[in-house]
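Me: Can you walk me through this one? I'd like the cores, the contact between the chains, and then the overall shapes.

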Amino acid sequence: MNRNQNSLYGVAALFDSPDDILKAAKKVQADGYKKYDVNTPYPVHGMDSAMGFKASKMGYVTLFFGFAAAAFILGFMWWTLAVSYPLVIGGKPFFALPAFVPITFEFTVLLGVLSTVFGMIAVVFNLPFNNHPIHDTNYMRNVSSDKYGLVIEAEDPLFEQDKVVELLKSLGSKNIELVYNPEEEKYSIFQPKFLVFLGIIAVLTACSTYVTLNKFMYLPPFDFMLNQNKGVSQEESSFFYDKREMRTPVAGTVARGYIPYAYTGETDPKEVLSNPLLPTKKVLELGQKKFLTFCSPCHGNYADGKSRLMGQFPPGPTLHSQRIINFTDGQIYNVITNGFSIMPSYKRQITRDERWAIVNYIRVLQRAQNPKPSDFTEIKEINKESGKNVPN
Amino acid sequence: MTKDYSVELALVEGNPPLRELDEVISAPIDSRPSHKYHIALSITGSLLLIGAICVGLTFYYGIGMWGNNIPVAWAFGITNFVFWVGIGHAGTLISAILYLLRQHWRTGIARFAEAMTIFAVICAGLFPIIHVGRPWLAGYLIPYPNQHSIWPNFISPLVWDVFAVSTYLTVSLVFWYVGLIPDFATLRDRATNKIKKTIYSVFSLGWRHSNRHWVHYEKVYMILAGLATPLVLSVHTVVSWDFAAAILPGWHSTIFPPYFVAGAIFSGFAMVSTVLIFVRKVFDMEHIITLDHLEKMNKIILLTGSMVGYSYIIEWFMGWYSGSPFELFVTLNRAFGPYAWGYWIMISCNVFFPQLFWFKKIRRSIPATLIIVILVNVGMWFERFVIIASSLSRDFLPTSWHYFKPTLVDLGILFGSFGLFFTLILLFAKTLPVISITEIKGVIQGAQPTHGGEHES
């Protein structure tokens, strides 16, 4: 440590026994010095009152953070288990206070300890402080081992060098040292060395992240989700005689809820089913949802054939042609079920009731394209009654 | 020989000058390691390597490498976990509870015991993570806002365990480090080597032995001791709840928390004794870690051993008094069933041999102490094994009864955990002061003012 010989930090004196240092501390305190310190290799009894200290208030830090931790973790457990994701576990209430006690206790201790220690070291002591003037002095080396030291700082209003040296000598110190402040060191964050260091850190972080996420996680055993010892459909099997991993149902298997459809495979059956569903609001909403999912990609959102797949795929015809308006409900149902021309069958994707709901919704779309004069008067009346302006 | 019990015995024999204490305590750090040290390190390192290989096999091939199977789904993994957590308890007991009880003799052994706590908890903490099989998924135990938007089940004893053990490790580490700061400062001011000086400067945080700091430091040390005391009791209580909260006969018992805590202190002191007997000899610290220390620890082993023995008797009583045929079956099955050999090893090592400490000659004989404490360690490992394996292997469905046999990988991981523990101990003994320099200076004769000083502590 380079020292500035013009800037005195203080006068440091070494004493040989705990009795001497206690006497010295009492005298210095009685003389009215404020900025002085006693350095001893271990806490010497009676020194606190000799230097006029009050009892340490660190306990309040522990108390405050302990209670804060308890309140936080209780609230957190209540929020996670009763609000964010309520789960009934073992028939206990969501807010199971007795079962929350252990974690509340542990967290209280944890935060109490960490806050107290951090508060003491970083806030109260202002450590780390390796640049303090009394480091690297003969004085420090001695008080670290077997001597008892007292240092009076030059900043003390009563400080006069000769007087202080005289006082410490009279108290029985045989070793008095003048401690000078260290030269101020200036660091610039734009030093090339530091920039290179930052660059290396950035490259290392990026590379290790890349390798971890893109290479390492695909190596065994981390790929246990990706590569499992099991058959995957569409792959060749070395086990089954037909070399297919995917198993098809046994002949004659009937799926749950299966009801045979009498006109399977017929594009234009002579007779068809009649619509079992009434066009209620609920049915129409279901029909709209399914229509938009399954039909609109080709037929368009309004069944007018203007779809988002136009140009990429043979366009679906408009459903507002006279031919389709004249279709019975059962005929439309049959087209959805069996398919028509290049339109495939949708019976695996859409349930029977959903198909009938779609038929009802198509009827709504057709009516909206070709309204009767009575429809307008009806809407006007509804608007008048409700006071709203539903557009035609 | 008559003895005046009103005078406290000297805690450090021979009353050496303070500078000599510095030299004795930092001698292992300053000197180059001897051949013996290298041999010891190579043995523990080999054990550690065996363990690492077995853990690697477990991670690669899965938990199927172990002997665990339904119904004995918890076997060596949890036995070792409970065993190591138990070992860890002596450290905090010595450093915190004996501190609060003003037992100044603790100074000579506290640092070492605290270090053992940390290393034992590290060993313990590994086992649940290994037992998960996919250890990188153990992160889900931490409550953080994740993509699945689910949280740990805070009312499960296993999650309590995570909080208890991780809190215990953190608090022990902080407690240990706070005690080490002044010692780092002393080492820093002794160091002549520039690299050493830099390292010690960093860890000492620029500590100045200032009395303006000591006043808060002592208070905080007491607060930490006050918080660590209920913590140490809570940790093994929570561990015992892993068992007691289950409905399995032989586990579902209210005596488990005190029984586990007593057992933990028992095994912890045995392990501290085992290690200290070697350390005081190898590092010439027999005048600081004295025979009196060992005798006092033997008394605690005798006390806690008797408590453990009492718990075994209560288990028999409860087997009969509960009126439950399942409880009675489990009690009888433990003593006379397929794991009877484990049970009787446990009884003889934990109940019978420690009772020899009633004799002062045996308490003060180092070879006898060493043999008994090693037996206690063995017995306490078997206690956990018997509790876990005997209860699980005979569950409610006789068709699924199954005799657990460990595989080589199981044994390898067990030995590996000892390798890890002793490797850490050896590294610690060679790099950090094994005795608190600051505290030991404060308790030798003539360290405190003879007059004028109020005795506050």
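**Cores, contact and shape**

Me: Which residues have the most contacts inside the largest nonpolar core?
Reply: Val85(B), Met116(B) and Val272(B), in a core of 148 residues. A nonpolar core here is a set of buried Ala, Val, Leu, Ile, Met, Phe, Trp, Tyr and Cys residues joined through C-beta atoms within 7 Å. Buried means that 20 or more other C-beta atoms lie within 10 Å of a residue's own; 12 or fewer is exposed, in between is partly exposed, and C-beta atoms are placed from the backbone.

Me: Which helix gives the most to this core?
Reply: Helix H7 of chain B, residues 211–244, with 16 residues. Helices (H or I, at least four residues) and strands (E, at least two) are DSSP runs, numbered from the N terminus.

Me: Before I go on, what are the ground rules?
Reply: This is a predicted model: local features need pLDDT of at least 70, side-chain atom pairs count only at pLDDT 80 or more, and totals for chains, interfaces and linings use all residues. Residues are numbered from 1 along each chain as its sequence is written, while chains are lettered from A and ligands numbered from 1 in the order in which they are written.

Me: How many residues does each chain put into the contact?
Reply: Chain A puts in 64 residues and chain B 61 residues. On the chain B side, H7(B) gives the most, with 15 residues. By class that side has 28 nonpolar, 22 polar and 11 charged residues. Nonpolar covers Ala, Val, Leu, Ile, Met, Phe, Trp, Tyr, Cys and Pro; Asp, Glu, Lys and Arg are charged, and the others, Gly among them, are polar.

Me: Different topic. How many helices and strands does chain B have?
Reply: 15 helices and zero strands. Its radius of gyration is 23 Å, which agrees with the value near 23 Å for a compact globule of 457 residues. That radius is taken over C-alpha atoms, and the globule rule is 2.2 Å times the number of residues to the power 0.38. Buried residues make up 48% of chain B.

Me: And chain A?
Reply: Chain A has 12 helices and four strands. The radius of gyration of chain A is 44 Å, well over the 21 Å that the rule gives for 392 residues, so chain A is more spread out than a compact globule. Its C-alpha atoms fill a box of roughly 125 × 70 × 55 Å along the principal axes, and 27% of its residues count as buried.

Me: Which domains are assigned in chain A?
Reply: Domain 1 (1–186), domain 2 (187–248) and domain 3 (281–386). The bounds come from an automatic or database domain assignment. The C-alpha centres of domain 1 and domain 3 of chain A lie 80 Å apart.

Me: Last one: which residues of H2(B) are buried?
Reply: Thr44(B), Leu47(B), Leu48(B), Gly51(B), Cys54(B), Val55(B) and Thr58(B). Their cover includes helix H4 (107–132) and helix H14 (408–431) of chain B. After H2(B) comes Gly62(B), with a positive phi near 105 degrees.

Technical notes:
Contact = placed C-beta atoms within 7 Å.
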